[in-house]
Amino acid sequence: MKYEMLYLIDAAVADEARDATIAKFEDIVKNLGGTVVSTDKWGVKKLAYPINYKSDAFYVLMTYESDGSLNKELDRIAGITDGVLRRIITKANA
């Protein structure tokens with residue numbers, strides 16, 4: 001089954017740290033038996049409302065395939081990762 005995870009990284013995070021975070025989530029999917037289909041870096045965009053007093057964030061959309069069992073762990077790790085402001089995992093349209 002195909003899933004998408006959209007997550008927002010604090011725009012103040014350095015480029016190297018941001019790339020490390022993106023690679024970390026891709027590695028989690030691979031290590032838990034999933035396959036990363038694509039990772040789209042949308043860049044820095046203005047937020048609709050401030051989150052933790054931040055008004056900009058770097059948007060990343062990762063599409064991956066898995067049986068769904070890794071979603072809970074991926075969401076948990078994203079929730080405790082420094083610099084990640086928000087995340088959401090949804091089923092992708094086939």
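Predicted model: local features only at pLDDT ≥ 70, side-chain atom pairs only at ≥ 80, totals over all residues.
Residues are numbered from 1 along each chain as its sequence is written, and side-chain values use heavy atoms, with hydrogens and water left out.

Two packed helices are described by the angle between their axes and the distance between the axes. Here helix 1 spans residues 15-31 and helix 2 spans residues 71-79; helices (H or I, at least four residues) and strands (E, at least two) are DSSP runs numbered from the N terminus. Their axes come within 10 Å and cross at roughly 155°. Axes are lines fitted to C-alpha atoms, for helices over the stretch in contact, and angles run from 0 to 180 degrees between N-to-C directions. The two helices are therefore roughly antiparallel to each other (over 145 degrees; under 35 is roughly parallel, 65 to 115 roughly perpendicular and the rest oblique).

Helix 1 contributes Lys24, Phe25, Ile28 and Val29 to the contact, and helix 2 contributes Leu74, Ile77 and Ala78; contact means heavy atoms within 4.5 Å. Of these residues, six are nonpolar, none is polar and one is charged. Ala, Val, Leu, Ile, Met, Phe, Trp, Tyr, Cys and Pro count as nonpolar, Asp, Glu, Lys and Arg as charged, and the others, Gly among them, as polar.

Lysine 24 lies in helix 1 and touches Ile77 and Thr81, not counting residues up to four places away in sequence. The C-alpha atoms of lysine 24 and alanine 78 are separated by 9.7 Å, and these residues are 54 apart along the chain. With 35% relative accessibility, lysine 24 counts as partly exposed (buried is under 20% relative accessible area, exposed over 50%, partly exposed in between, with a 1.4 Å probe and protein chains only).

Strand 2 (residues 35-51) and strand 3 (residues 54-65) run antiparallel and are joined by eleven bridges; strands pair if DSSP finds at least two bridges between them. Threonine 39 has methionine 62 of strand 3 as its bridge partner. The hairpin has two residues between the strands.

Most residues other than glycine have a negative phi. In the loop between strand 2 and strand 3, asparagine 52 has a positive phi near 50°, and tyrosine 53 has a positive phi of about 65°. Asparagine 52 is exposed at 54% relative accessible area, and tyrosine 53 is exposed at 84% relative accessibility.
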